[in-house]
Amino acid sequence: MIKIENDKQYINEDFSGADLTMMDLNSCVFIDCNFKGATLEDVISKKCEFDNCDLTSVKMNASIHKNTSFTNCQFKFANLFGCEFHDCRLLGSNFTETNLMGITIKGGDWSYVNLPNCSFKRMDLKNVNFKNAYLFKCDFENADLKGSDLTQAVLSYSSFKGADLRDTKLDGVDLKNITFNKTKIDIEQAVLIARAHGAVCTDL
């Protein structure tokens with residue numbers, strides 16, 4: 001098993017295929033590192049930084065990440081089943097064809113992420129920053145997004161059936177091809193949705 005020391009910086013290191021199961025990572029910095037096909041199951045990371053790292057096909061099942069940053073990382077084909085992200089920064093990362101079943105997202109910055117065709121059913125997504133995120137055809141059925149930020153996110157053909165969007169920012173979002181069915185919204189959002197469908201709100 002590869003040994004990774006805490007409070008240490010790793011640049012251009014090759015961890016591809018490595019078995020890092022159950023490691024506790026604290027304040028580690030990984031820049032341009034290759035984790036392709038590595039196993040990080042049950043890993044716990046705290047205040048770590050992964051910058052421009054390749055996590056393609058990585059296994060991160062049941063791993064827990066707190067205040068950790070994954071900036072511009074590649075998660076394509078990764079398995080994140082049961083993974084937890086607490087106040088993490090995922091800015092610009094790609095999750096195409098990633099298994100996100102059972103994940104937990106508690107706050108954090110998920111702006112500019114690529115997350116198409118994902119299911120967020122019944123998830124607690126309060127106060128998550130999804131600014132400019134690509135969320136095409138995502139399912140937010142019965143999800144709680146109160147206080148989250150979806151400014152300029154791509155949400156075409158996504159469903160918010162039964163979701164709670166109150167106090168969620170929707171500025172710059174194309175709201176025409178989105179399903180709102182029994183969705184909880186506030187007055188400001190009601191106006192935005194009505195205008196997107198051609199209504200003229202003359203009394204406001």
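**Close-up views of salt bridges, core and pocket**

**View 1. Lys 126 is partly exposed, with a relative accessible area of 30%.** Partly exposed lies between buried (under 20% relative accessible area) and exposed (over 50%), with a 1.4 Å probe and protein chains only. The model is predicted: local features need pLDDT of at least 70 and side-chain atom pairs count only at pLDDT 80 or more, whereas totals for chains, interfaces and linings use all residues. Residues are numbered from 1 along each chain as its sequence is written, and side-chain values use heavy atoms, without hydrogens or water. Lys 126 is joined to Asp 124 by a salt bridge, with 3.0 Å between the closest N and O atoms. A salt bridge here is a side-chain nitrogen of Lys or Arg within 4 Å of a carboxyl oxygen of Asp or Glu. Asp 124 is also partly exposed, at 29% relative accessibility.

**View 2. Asp 164 and Lys 146 form a salt bridge, their closest N and O atoms being 3.4 Å apart.** Both Asp 164 and Lys 146 lie in the loop between strand 9 (104-106) and helix 1 (187-196), so the pair ties together parts that are 18 residues apart in sequence. Strands (E, at least two residues) and helices (H or I, at least four) are DSSP runs numbered from the N terminus. Asp 164 is buried at 7% relative accessibility, while Lys 146 is partly exposed at 26%.

**View 3. A salt bridge joins the side chains of Asp 174 and Lys 176, with an N to O distance of 3.0 Å.** Asp 174 is partly exposed at 37% relative accessibility, as is Lys 176 at 47%. Through shared partners, salt bridges link Lys 106, Asp 124, Lys 126, Asp 144, Lys 146, Asp 164 and Arg 166 into one network. The count of salt bridges comes to 10.

**View 4. Phe 35 and Leu 135 have the most contacts inside the largest nonpolar core, which has 59 residues.** Such a core is a set of buried Ala, Val, Leu, Ile, Met, Phe, Trp, Tyr and Cys residues joined through side-chain atoms within 4.5 Å. Beyond four places away in sequence, Leu 135 touches (heavy atoms within 4.5 Å) Leu 115, Phe 120, Phe 130, Phe 140, Leu 150, Ala 153, Val 154, Leu 155 and Ser 158.

**View 5. The largest pocket holds about 200 Å³ of space.** Its lining has 13 residues, of which Thr 98, Pro 116, Asn 117, Cys 118 and Ser 119 are the closest to the pocket centre. A pocket is an open set of points on a 1 Å grid over the protein atoms alone, where a 1.4 Å probe fits, with protein on both sides within 12 Å along at least five of seven lines; lining residues have an atom within 4 Å of a point. The volume is the space filled by probe spheres set on the points, which are joined across faces, edges and corners.
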